[in-house]
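Trainee: Before I plan any work around this protein, could we go through the model together, step by step?

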Amino acid sequence: MDLTNKIAIVTGGATGIGRAISLKLASLGATVIVNYNSSSKEAENLVTEIKALGKDAYYVQANVANFSEAEKLINFAVEKFNRLDILVNNAGVTADTLILRMKEEEFDRIINVNLKGTWNCSKHAAKVMAKQRDGKIVNIASVVGLIGNIGQTNYAASKAGIIGLTKSLARELAKRNVNCNVVAPGFIETKMTEVLPEEIKQEYLKNIPLERLGKPEDIANLVAFLVSDLASYITGQVINCDGGLVMY
Ligand code: NAP
């Protein structure tokens with residue numbers, strides 16, 4: 001897998017899974033634009049770390065839920081490099097609670113960041129990639145978008161939405177040589193999941209055939225493959241990376 005001369009944007013790229021993806025793409029030669037919303041220190045440190053490896057990287061603040069901020073993020077790549085080869089829509093948030101307790105604001109916020117944010121960045125990137133007749137978009141959903149989860153009506157809806165969005169986008173952009181796929185992680189150890197009680201982690205473990213929780217690098221490895229030339233005949237697919245938690 002060689003990503004030399006490729007320009008990549010990773011949304012929410014400064015922490016957790018996004019951080020691992022940014023590092024992996026950079027290690028394969030891509031110039032990585034690390035997007036963050038609030039984690040400025042983490043973004044700055046990551047760019048320093050990537051540069052120390054002898055690779056090029058930038059950080060750009062943007063709230064992906066905001067249409068014009070997402071446009072500004074994509075334009076950063078276009079103005080600096082006159083192209084964008086890879087977009088990884090990884091930014092995501094949770095606000096878990098049962099529907100009887102969930103506030104309307106908690107539904108709207110999760111949909112706005114996870115689903116609308118993915119649409120916003122994809123829309124602006126699609127214009128560039130369609131014109132250059134080349135590109136790879138990988139959207140990070142979740143197995144919860146496939147099977148549902150108690151306490152996640154907002155989050156599961158946003159992730160299921162990402163799947164429909166990506167399949168439609170894959171059909172629209174295929175003739176322009178742009179591949180669009182979904183990666184659906186299972187339980188990955190990041191700050192998103194570290195807040196969950198130990199008994200929930202143990203319950204997940206019992207249901208994971210590979211008998212371990214996932215690491216951010218597990219997801220990064222799959223994303224790296226999907227954005228590489230090795231995956232040029234794969235589009236519109238949902239690929240689970242979950243230790244076998246969900247099989248269908
Ligand atoms: P994380 O460390 O909390 O990362 C979430 C990232 O999203 C942060 O870097 C955050 O950036 C960014 N973000 C949040 N709101 C944003 C906004 N409005 N604009 C731009 N960036 C924003 O959690 P993670 O586990 O790595 O999650 C990464 C992705 O994987 C998410 O889409 C999540 O739903 C998905 N996922 C995770 C798991 C899991 O088990 N961990 C499972 C399935 C799917 P700031 O810190 O700068 O706000």
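Trainee: Where does Asn82 lie, between which helix and which strand?

Mentor: This is a predicted model, in which local features need pLDDT of at least 70 and side-chain atom pairs count only at pLDDT 80 or more, while totals for chains, interfaces and linings use all residues. Residues are numbered from 1 along each chain as its sequence is written, and side-chain values use heavy atoms, with hydrogens and water left out. Helices (DSSP runs of H or I, at least four residues) and strands (runs of E, at least two) are numbered from the N terminus. On that numbering, Asn82 sits in the loop between helix 3 (67–81) and strand 4 (86–89).

Trainee: What is the phi of Asn82, and is Asn82 buried or exposed?

Mentor: Most residues other than glycine have a negative phi. Asn82 is a residue other than glycine with a positive phi, near 60°. Buried means under 20% relative accessible area and exposed over 50%, with partly exposed in between (1.4 Å probe, protein chains only). Because its relative accessibility is 65%, Asn82 counts as exposed.

Trainee: How many disulfides does a search of the whole structure find?

Mentor: A disulfide is a covalent bond between the sulfur atoms of two cysteines, and here the term is applied to a pair of cysteine sulfur atoms within 2.5 Å. For Cys180, the closest cysteine sulfur is that of Cys121, which at 13 Å is too far for a bond. For Cys241, the closest is the sulfur of Cys180, at 20 Å, again too far for a bond. The number of disulfides found in the whole structure is zero.

Trainee: Is Cys180 buried or exposed?

Mentor: The relative accessibility of Cys180 is 0%, so Cys180 counts as buried. Cys241, at 18%, also counts as buried. The answer for Cys180 is therefore buried.

Trainee: Are helix 1 and helix 2 roughly parallel or roughly antiparallel?

Mentor: The axes (lines fitted to C-alpha atoms, for helices over the stretch in contact, with angles from 0 to 180 degrees between N-to-C directions) of helix 1 (residues 16–27) and helix 2 (residues 40–52) come within 10 Å and cross at roughly 20°. Angles under 35 degrees count as roughly parallel, over 145 as roughly antiparallel, 65 to 115 as roughly perpendicular and the rest as oblique. Helix 1 is therefore, relative to helix 2, roughly parallel.
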